[in-house]
Amino acid sequence: MTTHTLAPVRSGQRRRLSAGKLAAWLVVGLAIFITLAPFWWVVRTALSTKKDLLANPDSILPVGFTWLNFGRVLGQVDTATAIALGGSGQKINFWLFARNSAIVTSVTVVGQTFFSALAAYAFARLKFPLRDPLFNLYLAALMIPGIVTLIPNYLLIHRDLDWGNTFLGIVAPTLLMSPFAVFFLRQFFLGVNRELEEAAALDGAGTFGIFWRVILPISIPPIATLALLTFVGTWNSYFWPSLVGKDESVRVLTVALAVFKSQTPQGVPDWTGLMAATLISMIPTLGVFLLFGRRVVNSIQFTGFK
Amino acid sequence: MTPVAVPVAARPAWVRRWFSQETLVAWLFILPSLIGFVTFYAVPAVRGLYFSFTDWDMLKPPQFIGLDNYTQMFQDRQFWNSLGVTVYYVLLNIPAQTVLAILLAVMMDRVVKSTLLRSVFILPWLLPAVIVGTIWAWILNPALGPIGSIFRALSLTPPPFLGSPDQAMPSIALINIWQYTGNAALLVFAGLQTIPKEVYEAGAIDGASEGRLFWSITLPLLRPVLVFVLVTTIIGSFQVFDTIAVTTLGGPAGATRVIIWYIFEYAFNRFQMGYATAVAVVLFLILISITIIQMRVLKADTSDLA
């Protein structure tokens with residue numbers, strides 16, 4: 001009897017679902033196309049010769065195929081060739097800027113993650129006076145927009161400490177903590193089974209020993225997720241390094257790219273060089289995406305439910 | 001008598017609490033992050049507030065001038081203009097992005113089982129805004145970009161996009177919708193996973209249409225996630241800067257001079273640090289008010305699931 005009444009509903013549902021599924025795939029497919037198509041335009045431009053590109057801007061494929069734009073951006077091509085290809089002929093060396101970005105990012109990721117983890121453990125597990133008010137202060141800092149502290153920090157680094165145009169100046173504000181990192185790890189540590197720590201304490205481990213040998217090893221997944229988010233945020237940051245790291249010796253990729261974009265040799269921006277530079281700057285992000293894309297997706301889902 | 005000489009049991013409770021071994025260890029754990037917090041968050045926030053009441057210009061020592069910066073700000077037509085431009089941008093960006101994100105999430109929920117495929121949508125979000133801005137400045141180039149090509153193929157004049165005062169801000173919004181919709185969609189998607197399937201089955205048995213199910217089940221149950229997405233994207237949207245720094249530089253004719261750009265010009269082109277921090281403080285107050293209102297109106301913590 002029940003099957004009788006349910007059967008028509010089900011087949012109707014299936015028909016509606018398959019039409020619905022088709023529509024869903026259309027929407028998702030279109031979204032994937034819109035997401036990925038610009039990347040093809042970058043590749044196609046980076047592999048084109050500027051002169052031919054200007055003559056034939058509508059081509060979907062590279063025009064006047066060449067690898068030289070990459071060589072040019074990495075400083076491997078002599079000045080005359082570079083100018084002939086539409087560059088300014090000025091020495092640009094993205095290796096240097098990539099190295100600077102790598103230094104700034106790795107120091108920040110290691111420092112911020114480690115020191116934030118230490119603090120997060122204390123907030124999650126140790127009992128001490130002023131613990132909760134202090135933690136609430138950290139949380140309050142999450143609400144302050146960057147621009148409010150940016151100007152005082154600029155004055156502190158640039159004038160008071162004279163750390164302008166040094167790596168120390170670029171990394172200092174984010175090296176020792178981020179309110180988000182402390183909050184994120186504390187939430188995780190709160191859920192760690194206390195019995196593990198108690199067992200280690202019985203074996204005579206001190207607080208740091210417990211943190212180092214028990215807590216850190218079992219917290220590798222959330223710590224890796226956090227480190228990944230910090231990596232992306234630091235590698236991508238522009239405003240702060242553009243203020244305190246103008247000098248070429250400490251200039252990071254984002255700043256270098258903005259400077260490159262603002263130059264207009266021969267009257268127009270050097271688009272082929274610019275797209276080659278963009279592609280090179282994307283490599284680490286693409287690497288992270290290919291290796292850890294799933295983890296980032298999962299972490300986005302985690303941050304959505306804090 | 002010194003406290004050291006007192007046997008442990010005889011010390012008053014507060015001394016035991018404040019000077020216990022656990023407290024000392026805890027403070028050692030907290031110390032690095034506390035140095036970072038005090039130096040680069042707490043003190044700068046207070047200093048910023050103080051600067052906002054001074055005429056500091058980095059040349060002569062700051063003079064306390066009371067509310068002069070604030071009265072000057074409220075009388076400055078450019079300030080109101082950049083506030084208007086910012087609100088215009090938020091209105092162009094957020095509704096479209098949120099609706100697209102919900103649509104994409106619902107469609108993904110139906111057909112996309114693989115995390116790998118879904119992770120495609122975080123790719124733009126992983127990239128620096130500087131790179132995304134550069135790529136889109138090229139794609140929206142009327143003479144050489146692919147969108148211009150489409151218009152020419154249809155014998156139409158390509159729109160100037162970033163080059164005209166009318167279209168510059170919508171173009172910036174378009175760029176940022178491209179960059180952030182995927183991330184927002186993944187958050188909403190994660191929210192969808194928390195809705196029990198039985199709720200839909202019950203609704204379907206009652207004969208509710210798909211549209212009806214969406215409006216009376218999906219949207220209300222998504223409320224906590226939607227509040228999170230709206231609060232974070234609106235706060236981020238009010239602080240748009242990097243994209244503008246590599247595309248329009250606040251132009252043409254001030255059409256994209258958003259509030260952060262306005263602050264940036266006063267602080268780092270005119271070095272009127274006092275005035276610039278005052279604007280930053282006002283922005284902070286605006287953002288805090290918006291957050292509180294949103295939390296109240298949308299009742300952030302209550303899901304209809306409970």
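Here are some questions and answers about how the labels on this predicted two-chain model were reached.

Q: How do you know how far to trust chain B, and what does the model score overall?
A: Chain B has an average pLDDT of 87, and 94% of its residues score at least 70. For the model, ipTM is 0.83 and pTM is 0.85.

Q: What does the confidence look like in chain A, and where is it lowest and highest among the helices?
A: The mean pLDDT of chain A is 83, with 87% of its residues at 70 or more. Confidence in chain A is lowest in helix α4 (residues 79-84), at a mean of 69, and highest in helix α8 (residues 167-175), at 94. Over residues 1-12 of chain A the pLDDT is below 50, and this stretch has zero contacts in the model beyond near neighbours in sequence. Where pLDDT is low, predicted coordinates should not be read in detail.

Q: Is B:F161 buried or exposed, and how do you know?
A: Buried requires 20 or more other C-beta atoms within 10 Å. B:F161 has 24, so it is buried. B:F161 also sits in the loop between α8 and α9 of chain B.

Q: What makes the backbone at B:S155 and B:F161 worth a look?
A: Most residues other than glycine have a negative phi. B:S155 is not a glycine, yet has a positive phi of about 55°. B:F161 is not a glycine either, and has a positive phi of about 50°.

Q: Why is A:N298 called partly exposed?
A: Partly exposed lies between the two cut-offs, 12 or fewer for exposed and 20 or more for buried. With 16 C-beta neighbours inside 10 Å, A:N298 falls between them, so it counts as partly exposed. A:N298 belongs to helix α15 (residues 271-303) of chain A. Its C-alpha atom is 43 Å from that of A:L54, which is 244 residues away along the chain.

Q: Why does A:K261 count as buried, although lysine is a charged residue?
A: The label rests on counting neighbours, and 20 or more are needed. A:K261 has 23 C-beta neighbours inside 10 Å, so it counts as buried. A:K261 is in helix α14 (residues 253-262) of chain A. Leaving aside neighbours within four places in sequence, A:K261 is in contact with A:P269, A:L274, B:T134 and B:V246. A:K261 and A:A277 are 16 residues apart in sequence and 9.9 Å apart in space, C-alpha to C-alpha.

Q: How do you know that the buried residues of α6(A) lie on the same side of the helix?
A: Helix α6 (residues 131-143) of chain A has the buried residues A:F135, A:Y138 and A:A141. They cover an arc of only 105° around the axis, so they are on the same side of α6(A). These buried residues pack against α5 (94-125) and α9 (179-190) of chain A, together with α2 (21-51) of chain B. The face turned away from the buried side carries the exposed residues A:D132, A:P133, A:N136 and A:M143.

Q: How many residues does each chain bring to the contact, and which kinds make up the side of chain A?
A: Chain A gives 70 residues and chain B gives 79. The side of chain A that touches chain B divides into 49 nonpolar, 16 polar and five charged residues.

Q: Which residues touch the most other members of the largest nonpolar core?
A: The core has 152 residues, and those touching the most other members are A:A119, B:A185, B:V188, B:I263, B:A276, B:V279 and B:A280. Not counting residues up to four places away in sequence, B:A276 touches A:I151, B:I263, B:Y266 and B:A267.

Q: What are the domains of each chain, and how many Å separate their centres?
A: Chain A is divided into domain 1 (2-84) and domain 2 (94-262), with centres 35 Å apart over C-alpha atoms. Chain B is assigned domain 1 (3-38) and domain 2 (77-298), and 47 Å separate the centres of these two, again over C-alpha atoms.

Notes. Residues numbered from 1 in each chain as written. Chains lettered and ligands numbered in written order. Predicted model: local features only at pLDDT ≥ 70, side-chain atom pairs only at ≥ 80, totals over all residues. Core = buried A, V, L, I, M, F, W, Y, C linked by C-beta atoms within 7 Å. Contact = placed C-beta atoms within 7 Å. Nonpolar A, V, L, I, M, F, W, Y, C, P; charged D, E, K, R; others polar. Helix = DSSP H or I, 4+ residues; strand = E, 2+ residues; numbered from the N terminus. pLDDT = per-residue confidence, 0-100. Domains from an automatic or database assignment. Arc of directions from axis to C-beta.
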